[in-house]
Amino acid sequence: MALGIDYPPIPVAIAPVRDNQVFVVYQDRSCTLWDSDLDTAKILEEYAGIRGAVNSLTAFEQNTVISGSTDGTCRVWELDKAENCNGILESSITYSGHINANGDRSPRVNDLAMVEGGHSVVSGDSDGSVHVWRVDMLSSSKQSALSNEV
């Protein structure tokens with residue numbers, strides 16, 4: 001709040017997730033699911049938030065989004081799970097291939113894209129590297145995955 005004026009949160013990333021629905025992450029790390037139909041636009045769900053600052057989002061299938069963050073990770077968020085957890089959004093899978101083994105560099109993940117017709121994600125970071133990795137090859141027990149750094 002500045003000068004007694006309560007400003008709405010600033011959207012930093014938006015991804016379509018279902019028919020006429022979009023997922024929005026805000027600068028304050030809160031998240032919402034919107035009905036994006038022009039006649040009925042409204043917030044359908046509000047989520048408590050995401051732990052790290054998000055730079056980019058991409059949709060994966062209908063109920064899943066992938067975020068790229070300032071901490072060098074990409075996280076998979078399953079919206080169906082959040083609907084059953086009182087609005088607390090927890091990532092189900094984390095790709096940490098942008099962080100080196102020593103953990104001494106943490107490049108910011110700037111952009112993400114899904115490869116059409118597959119389960120591959122392309123993620124680019126602030127040190128200029130591009131990674132290609134598969135969502136279906138990750139599991140919650142194996143936090144890192146093989147990637148092809150370009």
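Which residue in β4 is the bridge partner of T32? The close-ups below take up this question first, using a predicted model.

View 1. T32 has E46 as its bridge partner in β4. Strand β3 covers residues 31–35, and strand β4 covers residues 42–47. The two strands run antiparallel and are joined by five bridges. Six residues sit between β3 and β4, and the two strands form a hairpin. In a regular strand, side chains alternate between the two faces of the sheet.

**View 2. The aromatic pair Y95 and W133.** The structure holds one aromatic pair. The ring centres of Y95 and W133 are 4.4 Å apart, with the planes at 10°, so the pair is stacked. The angle falls under the 30 degrees that stacking requires. Y95 belongs to strand β8 (residues 93–95), and W133 belongs to strand β11 (residues 130–134). The pair therefore ties together parts that are 38 residues apart in sequence.

View 3. Y95 has 0% relative accessibility, so Y95 counts as buried. W133 has 1% relative accessibility and also counts as buried. Both values are under the 20% cut-off for burial.

**View 4. Cysteines C31 and C74.** C31 counts as buried because its relative accessibility is 1%. C74 is buried too, at 0% relative accessibility. How many disulfides does a search of the whole structure find? The search finds zero. A disulfide would be a covalent bond between the sulfur atoms of two cysteines.

Technical notes:
Residues are numbered from 1 along each chain as its sequence is written. This is a predicted model: local features need pLDDT of at least 70, side-chain atom pairs count only at pLDDT 80 or more; totals for chains, interfaces and linings use all residues. Side-chain values use heavy atoms; hydrogens and water are left out. Rings of Phe, Tyr and Trp (its six-membered ring) pair if their centres lie within 6.5 Å; planes under 30 degrees apart count as stacked, over 60 as edge-to-face and the rest as tilted. Helices (H or I, at least four residues) and strands (E, at least two) are DSSP runs, numbered from the N terminus. Buried means under 20% relative accessible area, exposed over 50%, partly exposed in between (1.4 Å probe, protein chains only). Two strands pair if DSSP finds at least two bridges between them. A disulfide is a pair of cysteine sulfur atoms within 2.5 Å.
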